[in-house]
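Visitor: I should like to learn how to read the features of a protein model. May we go through them one by one?

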Amino acid sequence: MIQFEPLISWPWAYLFILLIACILGIQLYWIYRSKDSSLKKWVKTVLNSLFFLVLITFILQPSWRYSNPGNGLLLYSEDVSKEQIRFWKDSLNLKKELKINTYHGEPGPIYLLGADFSRLDLLKFSGEKVNWIPFSDHQGLSFLNWKAILKQGENQTIYGYLNVRDSAHLKLIQGEEVLAEQHLKNGKTEFKLEFPVQLIGRNELDFLVNDTLKGKIRFYSTAPSPVQYSLKFGFPDPELRFLSQYLTQTGQSVSEEIKVSKSAFIHSGARNSDAVQFLIIDPSQLEKQEVKAAIEAGAAVLLLNLNDVQSEVKRINSALNTDFEAERLSSESSRKLEEELYAAPFEWKAKPAQIRNFGNSLAVQRVGNAKVGVSLLGRTFPIKLAGDSLRYRKIWSEILGSLLPEEPASVVFEAPVFQGGTAGLTLNQERFDQNFARVGSDTLYSRPSLVNPFSKTVELISPDSGWVSLGDTLEYYAYGREEWLGVFRTKLFADFLKQNQNASSISSEAKSGQKPSDWIWYALLLVLLTLLWVEPKILD
């Protein structure tokens with residue numbers, strides 16, 4: 001394949017080529033306008049054209065690459081069985097296989113089978129075409145991801161892939177509390193465990209598969225911005241009373257306005273105008289100006305206690321400029337979601353601008369800078385009365401967390417982060433006072449986003465394992481190389497493939513690239529100039 005590496009930058013190269021082409025055009029014009037013989041015109045045209053063509057080619061500096069891919073080679077790690085080696089060798093129609101530690105640079109496309117490769121092993125393939133065939137044993141994790149830093153009350157989501165032999169029951173436990181669990185069936189299965197974050201600071205969770213500890217999930221949580229909850233209802237309700245008590249116990253600012261008769265209201269609590277506004281109302285409050293003003297100001301609004309779902313959804317859409325649509329599922333008076341948790345016999349239809357939860361009984365839509373949520377859930381306070389306060393807290397943390405507005409400044413940082421590995425951190429805020437971030441004892445400079453002026457990224461490497469300070473108020477956890485071993489190997493190889501894709505083109509040019517020596521160009525130019533000088537003396 002031919003490539004060009006001009007002696008000067010491409011803009012200047014284009015300019016010189018255009019200039020040379022113009023000079024050649026003028027030269028040929030004068031040759032054909034002259035009174036010379038046809039033979040002399042032809043010789044002059046050929047010599048001038050060759051001279052300018054060689055000059056242009058010299059400026060562009062062409063080179064070409066070649067490769068000898070060979071027949072392909074299967075390299076395997078210690079964790080791969082003979083059956084797997086035989087299967088993949090036959091499937092790929094390869095003639096040769098080697099253990100990774102016996103590879104000494106044989107040419108050809110490389111097929112890597114397994115996951116037990118070190119960084120030193122992978123460095124052997126710099127510049128080679130490499131294809132990875134991941135392989136992991138049963139009950140092995142091949143991928144895992146969660147947020148390394150987030151706010152209290154925000155939903156933490158653990159994503160992953162797990163190879164399951166028969167079935168597997170996954171649990172996330174913090175202390176003695178089960179935060180989330182999921183049951184998986186046979187095969188490589190994707191899982192998703194989600195829960196609201198309760199503790200501020202360092203969080204450490206046990207990740208169990210069939211009651212066997214697989215590893216620790218660690219992340220850091222910061223205090224959210226203060227929220228003012230305003231509860232406004234058209235009648236007294238025990239659901240409202242228990243919710244108000246729960247919010248107060250969690251340290252939130254709560255105010256209540258409950259209508260007890262045509263002209264009598266009960267007011268309680270204090271208002272904090274500087275906090276984020278969060279309205280919890282029933283449909284009787286929809287036409288009030290305060291609700292519309294809250295929407296315009298970017299508040300969160302949650303509607304509860306819908307009786308006539310279809311007609312009240314129409315009122316909500318009309319009053320708040322939303323697009324909710326509920327579909328009846330049965331003629332029953334309610335439907336069961338979980339133990340002691342029921343909902344109206346409707347579900348929200350999927351809409352592009354909406355998120356749904358609780359068996360499609362909760363829908364949330366953004367309206368400008370505000371968020372509007374409508375819940376079809378029934379009463380939740382019986383769960384607390386039954387003594388399951390943890391479950392009651394989880395339900396309401398998830399409901400409220402889905403409606404809380406985004407913070408003005410946020411950090412996007414994915415875990416797990418491994419010792420010695422590269423990780424990317426994104427900072428989002430309206431104004432940056434500095435162009436660097438402090439990570440442990442190091443100062444790392446940030447790189448502004450090309451598409452988002454309010455975003456910057458920082459690339460960092462953690463030399464040590466354990467908790468690492470990030471600036472003055474944040475921390476993240478760097479895992480050792482033996483923790484989450486399968487995930488570490490997968491990430492190591494993914495990073496290698498990403499880097500090797502860029503490095504291979506450079507190294508391949510260095511190894512197999514060919515281009516003419518500059519002395520060849522000088523000789524050609526000198527010969528052609530000599531012929532142009534001699535031509536008039538010979539032909540005349």
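Visitor: Which residues of α1 meet α2?

Guide: In α1, Trp10, Ala13, Phe16, Ile17, Ile20, Ile23, Leu24, Gln27, Leu28, Ile31 and Tyr32 meet residues of α2, among them Phe52, Leu55, Ile56, Ile59 and Leu60. Contact means heavy atoms within 4.5 Å. Helices (H or I, at least four residues) and strands (E, at least two) are DSSP runs, numbered from the N terminus. The residues of this contact divide into 15 nonpolar, four polar and two charged. Here Ala, Val, Leu, Ile, Met, Phe, Trp, Tyr, Cys and Pro count as nonpolar, Asp, Glu, Lys and Arg as charged, and the others, Gly among them, as polar.

Visitor: How should the sources of these values be understood?

Guide: The model is predicted: local features need pLDDT of at least 70, side-chain atom pairs count only at pLDDT 80 or more, and totals for chains, interfaces and linings use all residues. Residues are numbered from 1 along each chain as its sequence is written, and side-chain values use heavy atoms, with hydrogens and water left out.

Visitor: At what angle do α1 and α2 pack?

Guide: Two packed helices are described by the angle between their axes and the distance between the axes. Helix α1 (residues 10–33) and helix α2 (residues 38–60) pack at about 175°, with axes 10 Å apart. That makes α1 roughly antiparallel to α2, a term for angles over 145 degrees.

Visitor: Is Phe358 buried or exposed?

Guide: Most residues other than glycine have a negative phi, and most peptide bonds are trans. Phe358, however, has a positive phi near 55° and lies in the loop between β22 (354–357) and β23 (362–367). Phe358 is buried, with a relative accessible area of 10%; buried means under 20%, exposed over 50%, and partly exposed in between (1.4 Å probe, protein chains only). Asn210 also has a phi near 55°, but Asn210 is partly exposed, at 36%.

Visitor: Where is the cis peptide bond?

Guide: The bond from Ala415 to Pro416 is cis, with omega near 5°. Pro416 is in the loop between β25 (410–415) and β26 (417–418).

Visitor: Over which residues does pLDDT stay under 50?

Guide: Where pLDDT is low, the predicted coordinates should not be read in detail. This score is the predictor's confidence in each residue, from 0 to 100. It stays under 50 over residues 66–70, and residues 502–513 are also below 50. The protein averages a pLDDT of 82.

Technical notes: Axes fitted to C-alpha atoms, helices over the stretch in contact; angles between N-to-C directions. Parallel < 35°, antiparallel > 145°, perpendicular 65-115°, else oblique.
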